Amino acid sequence: QVQLVESGGGLVQAGDSLRLSCAASGRTFNIYGMGWFRQAPGKEREFVARIVWNGGRTYYADSVEGRFTISRDIAKNMVYLQMNNLKPDDTAVYYCAATRAMGRGYDYWGQGTQVTVSS
């Protein structure tokens with residue numbers, strides 16, 4: 001099992017920045033990749049960004065490309081999401097997730113952290 005705990009959410013104004021953190025613990029040697037997802041009120045959960053644990057290759061949703069950056073610190077078992085130039089449409093609960101293998105769904109999820117962007 002892998003446990004994931006997000007932190008760093010909050011209330012900011014449009015144009016501001018936030019950095020979300022996700023701490024992984026447990027059987028972290030099983031992790032192939034980690035990702036960030038978000039869910040806004042009344043909407044389905046959507047993919048934001050992901051990173052391959054070994055190698056660090058990254059992928060982004062079109063809506064955040066160029067504004068958000070995902071990174072990881074392998075020694076600390078941490079994943080980060082740097083969010084710049086935030087927009088009201090970025091308001092959502094952000095979830096960290098981990099997968100054990102390429103091409104499969106995410107096996108582990110955090111509890112989420114709220115990000116609210118005011119206009």
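Reply: Start at the hairpin of β4 and β5. Six residues lie between its strands, and Gly-42 there takes a positive phi near 80°. Strands are DSSP E runs of at least two residues, numbered from the N terminus. The model is predicted: local features need pLDDT of at least 70, side-chain atom pairs need 80 or more, and totals for chains, interfaces and linings use all residues. Numbering runs from 1 along each chain as its sequence is written, and side-chain values use heavy atoms, without hydrogens or water.

β4 and β5 run antiparallel, joined by six bridges. Strands pair if DSSP finds at least two bridges between them. One of the links is Arg-38, whose bridge partner in β5 is Glu-46. β4 also pairs with β9, again antiparallel, over seven bridges. Here Gly-33 has Thr-99 of β9 as its bridge partner.

How enclosed is β4 by the rest of the structure? Largely, because six of its seven residues are buried. Buried means under 20% relative accessible area, exposed over 50%, partly exposed in between (1.4 Å probe, protein chains only).

Now the rings. The structure holds four aromatic pairs. A pair needs ring centres of Phe, Tyr or Trp (six-membered ring) within 6.5 Å; planes under 30 degrees apart are stacked, over 60 edge-to-face, the rest tilted. Phe-37 and Phe-47 have centres 5.8 Å apart and planes at 70°, so this pair is edge-to-face. Phe-37 belongs to β4 (residues 33-39) and Phe-47 to β5 (residues 46-52), so the pair ties together parts 10 residues apart in sequence. Phe-37 is buried, at 11% relative accessible area. Phe-47 is partly exposed, at 28%. Ring pairs carry the link on: Phe-37, Phe-47, Tyr-106 and Trp-109 form a cluster.

The largest nonpolar core has 31 residues. Such a core is a set of buried Ala, Val, Leu, Ile, Met, Phe, Trp, Tyr and Cys residues joined through side-chain atoms within 4.5 Å. Leu-4, Met-34, Trp-36, Leu-81, Met-83 and Tyr-94 have the most contacts inside it. Two or more residues come from each of β1 (2-7), β3, β4, β5, β7 (68-73), β8 (78-83), β9 and β11 (113-118).

Take Leu-81. Leaving out residues up to four places away in sequence, its partners include Trp-36, Val-48, Ala-49, Phe-68, Ile-70 and Tyr-94. Contact means heavy atoms within 4.5 Å. Leu-81 also touches Leu-18, Arg-19 and Leu-20.

Trp-36 has another neighbour in Ser-21, again with residues within four places set aside. Ser-21 lies in β3 and is buried, with a relative accessible area of 11%. Its other contacts include Val-5, Glu-6, Ser-7, Met-78, Val-79 and Tyr-80.

Next comes the disulfide. The count is one; the rule asks for two cysteine sulfur atoms within 2.5 Å. Cys-22 and Cys-96 meet it, with their sulfur atoms 2.1 Å apart. The pair links distant parts of the chain: Cys-22 sits in β3 (residues 18-26) and Cys-96 in β9 (residues 92-99), 74 residues apart. The S-S torsion is about -80°, so the disulfide is left-handed. Cys-22 is buried, at 0% relative accessible area. Cys-96 is buried too, at 0%.

Back at β4, the strand pairs with β5 on six bridges and with β9 on seven.

Note on methods
Helices (H or I, at least four residues) and strands (E, at least two) are DSSP runs, numbered from the N terminus.
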